[in-house]
Amino acid sequence: MQKKLLIDLLRSRRGFIGISIIVFLLLVSAIAPLFIPIKSYILWNDPDYWINNPKTAAPFWTNIFGSKEFEHISLKKNDAKIVSESSDGIKIVNYEFKINMQSGSFPDDFMFLYTAKYGNIPPVLQIDINRPDNNNFTVYYSSLPSSSNINTTFSDRIFSTNKNVKEAMFQYQSLFKYPIANYEPQVLLFSDTDKPSVLKGTYQISEKFFLFDNSSIVDDIGLILGGKVFGIMGTDDLRRDLIVGIIWGTPIALFIGLTVAIFSISIGLIYGVIAGYRGKRTDETMMRINDIFYALPTLPLLILLSITFGRSIFLIIGFLMFFSWMGTAKVIRSIALQIRNFQYVEAAKLMGQSDLKVIFKHIIPQLLPLTFASVAISVPGAILGEAALSFIGLGDPSLPTWGQLLHDANTADAAPRGIWWWIVPPGMMIALTGLAFFLIGNTLDSIANPLRNKNKK
Amino acid sequence: MFLVLFATLFITVILLGPTLDKLLVEAMRNQVIDEINQRTLKFQNSEERLSYINKELQLRSKTFGLDQNSFTPSKLFYRIISVMTLDLGKSHFFTTDYGSSNVRDIIFEKVPKTLLLFTTSTLCVTVIGIFLGTYVAGKEGSWWDKLNSIFAIFSNSFPSWWVAMIMILVFAFTLHIFPARATPISSPSDSTYILDLLYHMALPLITLIIVSFGSWAYIVRYFLINILNEDFIFAKRTIGISRRKILYSHGLRNAGPPIATAVALSLASSFGGSIITEAVFDWPGMGKLYYDAIGLFDIPIIIGLTYISTVIFLVTIFITDISYTLLDPRVKGS
């Protein structure tokens, strides 16, 4: 019978659309653990993990439509040309990066990364930029922090907001024909000297280390020019890659939705069947209790509960379950009231079967298809409930859910700032998931409702 | 009905009771820590500091009776009274426009704004929903009918607060028609305040209407079509009563009671959504206060708001119940 249900479901157009969306969501859920590093999920809220990404960058494909924005550049040690020389016991290691600048806009920021091992005398780092117009800018010249340790490993990154970099820029005011105080270093470095627009061409950026003893070595080196566009879905204010959040959000949302739906519907089913089957006083009392639960304001109580008991995802699932079984109980009870008077049930009772056996053997199997429908229909509610809780800041802080993406977007004022790629995709995913389950539930309901089908048989 | 109302209140308070105690103790601990920081008391080590805090905490909770079990009858009674009269002390972070930090004052300042937005949107949605639903029911199976059903399903799947963000994106950021922040700029004493308020209210109002009129119309259509298939409607049609009159007067009148019930439920759930929507728009009502209070963990405000929204919620259900008795002549008799 279950097989027949599935075939009927696939035959109807709405059911087919719903099933296809679910298959798609399941595929996305499968992609998450297989292709995306699990670290990105555990360290979702750790800004350090995401630091190499650009800040608030739009999706890369926006370049196809609009003006060509600067694309993210991240260069590693292998990309650099290494020139080393030594004289008078001083070793000079020069890492040279070549960048071909062809985009119409400036980078969002830049970072110079390095890791060095050294002894008592700290090395000195000098960063030069050789531009297409043959001007040479020295943006940074400073020694690494000294230490008393014989063997220190020091790792750092120099940001475009670094004070030394800003001050270093001021000495080049004479080269520019406009006041440079209003512009950031990442703009000035790549800008024409006549007007503040991009100077296209090849740039040579070199990080030069002066090492004063033999034990000193440069371990790692890197250069990051923050893009205005990045990845399939762009990044947010904390430099997180949004596609990762959206993909990880899928299995979590499905898990929350299905768990809450299955458990709350089971509670509702058993509650409703008992009330309907027993009838009379039991029914009356149980339905009054049901009414009271029905009249409880869900959201304020959810807020209160999660403030009191905590924000773990399992607690949230529990709370959502607690508030979503009443509707099913009511519907199931009204159907059970009628099934109870069907002849085969009465026959079973006359044969002396126990109430429990009648309920589980004869009544609940009749209601199962309808139960599947209710489960599907109540999934969107659960997902929306979790999203709403997350959105007001009461979600599980250790998980990236769609609601939390939107919460972060709202606290960062993404909408008034026009950061659409932070807002549209998570909401679309919530809606898509909701829609899929709603369509399936609706179709199942029209196929499986025993009372509706009664006339046709 | 009154029984349900009272029981709900009671359950809420019982649920609130231990929570409130715990939260009050927590708030008190913060207070003690604050005082230590302000008076710059010096301690030898962290254990001494901790023991000082605990001692102080015990002393204070005894004075307030917080060390007793939350379920003693006298305490329960006291709690119900204090929550019902909103006697919840002072907020830590919020003040009214006039500078009072009393929880009751703050909440009462915000409630009218929420009610204004919520009732206006509900009224608009009711009118649009009934007429659209009836119109569509009269043309069952038409192109309009299908469009309406699809729209209803879609608007059900989107979280209303997300639609709010999209509305800001479209109307405030891209088109510059409405302000992104719904807090009026001029002060309440200005003569232009009303206009300013309405201008700022427009976008939240439109959003709330858009998200809910679809499902309203769908509910109305669903029940109306059921009624239209009844025998007495056919009888009326054979007598020669115009189709229009049957639809609007006979059909709607009979479909009224179930519609009222269904709508009571959808209203109740949309209330929560509209609270969050408020927060997105910065509409100076309860929703924004809720959002900010949760962010800053301002417990008295949260409890007060929970209580007030429970009351509003129950009143809404109560009103729809009354309208049910008005709509259904069978209920009047009993």
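Here are some questions and answers about a predicted model with chains A and B.

User: Before we start, how are residues and chains labelled, and what pLDDT do local features need?

Analyst: Residues are numbered from 1 along each chain as its sequence is written, while chains are lettered from A and ligands numbered from 1 in the order in which they are written. As this is a predicted model, totals for chains, interfaces and linings use all residues, side-chain atom pairs count only at pLDDT 80 or more, and local features need pLDDT of at least 70.

User: How many helices does chain B have?

Analyst: Helices here are DSSP runs of H or I with at least four residues, and strands are runs of E with at least two, both numbered from the N terminus. Chain B has 0 strands, and its elements from the N terminus on read α-α-α-α-α-α-α-α-α-α-α-α. The number of helices is 12.

User: What share of chain B counts as buried?

Analyst: A residue is buried if 20 or more other C-beta atoms lie within 10 Å of its own, exposed if 12 or fewer, and partly exposed in between, with C-beta atoms placed from the backbone. Chain B has 334 residues, and the buried share is 36%.

User: Which class has 27 residues on the side of chain B that touches chain A?

Analyst: Contact means that the C-beta atoms of two residues, placed from the backbone, lie within 7 Å. Chain B brings 37 residues and chain A 34; helix 1 (2-39) and helix 9 (243-281) of chain B are among the helices that each supply at least two residues to the chain B side. Asp, Glu, Lys and Arg count as charged, Ala, Val, Leu, Ile, Met, Phe, Trp, Tyr, Cys and Pro as nonpolar, and the others, Gly among them, as polar. That side has 1 charged residue, 9 polar ones and 27 that are nonpolar.

User: In the open sheet of 4 strands in chain A, what is the strand order?

Analyst: Two strands pair if DSSP finds at least two bridges between them. In this sheet the pairing is antiparallel, and strand 1 (73-75) and strand 7 (152-159) of chain A are the edge strands, each pairing on one side only. The order is 1-9-4-7.

User: In strand 3 of chain A, which residue is the bridge partner of E85(A)?

Analyst: Chain A also has an open sheet of 5 strands in the order 2-3-8-5-6. Strand 2 (81-87) of chain A is one of its edge strands, and 7 bridges join strand 2 to strand 3 (residues 90-101), running antiparallel. The partner of E85(A) is I92(A).
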